[in-house]
Amino acid sequence: MIQHPIEPIYNKDSQILILGSFPSVKSREEGFFYGHPQNRFWKVLAAVCGTDVPATIQEKKTFLYQHRIAVWDVIASCEIEGSSDSSIKNVVSNDLSPILLQASITKIFVNGKKAAQLYQKYIFPQTKREAVCLPSTSPANAAWNLERLIEEWRCIL
């Protein structure tokens, strides 16, 4: 079992919650969300928000706070081979109640189909809050180019 090593990013002003499935190997090594250079998460969010792409962990945190975006993952711990969502098993989900109680979350989005599936199975029964599934920003989602992702992700605003 691998434990999720990254704390959720949010504050009382956060209005949008974006949930992934579980951090990639690269993100776990870096100690922050969407750390793989090929993942398009930061490029997509920056384009949607009309800003430069944040580079450092501190810039990414500042960006999220400025745009009232909270980020975390559905899974607290699981068995996973490398970074492959399809290999995930023995899931223990994260408890979203601290975020939902302390922040002003109005919309929840999930990054990709696996996160959506896991959200529906483990989190929705507790929260009863719908989550909108957005196409994954992972490089494994090669069917979606950057422009299409940006267009689809504009709904977060």
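Analyst: Strand β4, residues 75–79, is joined to β5 by three bridges, and the two strands run antiparallel. In that pairing, E79 has K89 of β5 as its bridge partner. The model is predicted: local features need pLDDT of at least 70, side-chain atom pairs count only at pLDDT 80 or more, and totals for chains, interfaces and linings use all residues. Residues are numbered from 1 along each chain as its sequence is written, and side-chain values use heavy atoms, with hydrogens and water left out.

β4 and β5 belong to an open sheet of three strands, ordered β1-β4-β5, with antiparallel pairing. Its edge strands, which pair on one side only, are β1 (2–3) and β5 (89–93). Two strands pair here if DSSP finds at least two bridges between them. Strands (E, at least two residues) and helices (H or I, at least four) are DSSP runs, numbered from the N terminus.

There is also an open sheet of four strands, in the order β3-β2-β6-β7, and its pairing is parallel. At its edges stand β3 (69–73) and β7 (132–134), each pairing on one side only. From one strand to the next, the twist averages 25°. Angles run from 0 to 180 degrees between N-to-C directions, with axes fitted to C-alpha atoms, for helices over the stretch in contact.

Within this four-stranded parallel sheet, β2 (residues 16–20) is joined to β3 by five bridges, the two running parallel. G20 of β2 lies opposite D73 in β3. Helix α2, residues 41–49, packs on the sheet and touches β2, β3 and β6 (107–111). The direction of α2 makes about 160° with that of β3. A contact is a pair of heavy atoms within 4.5 Å.

The side chain of S24 reaches the backbone nitrogen of S27 at 3.1 Å. For a polar contact, the limit is N or O atoms within 3.5 Å; within protein, one must be able to donate a hydrogen and the other to accept it, and residues adjacent in sequence count only if both atoms are side-chain atoms. Leaving out residues up to four places away in sequence, S24 touches H36 and S83.
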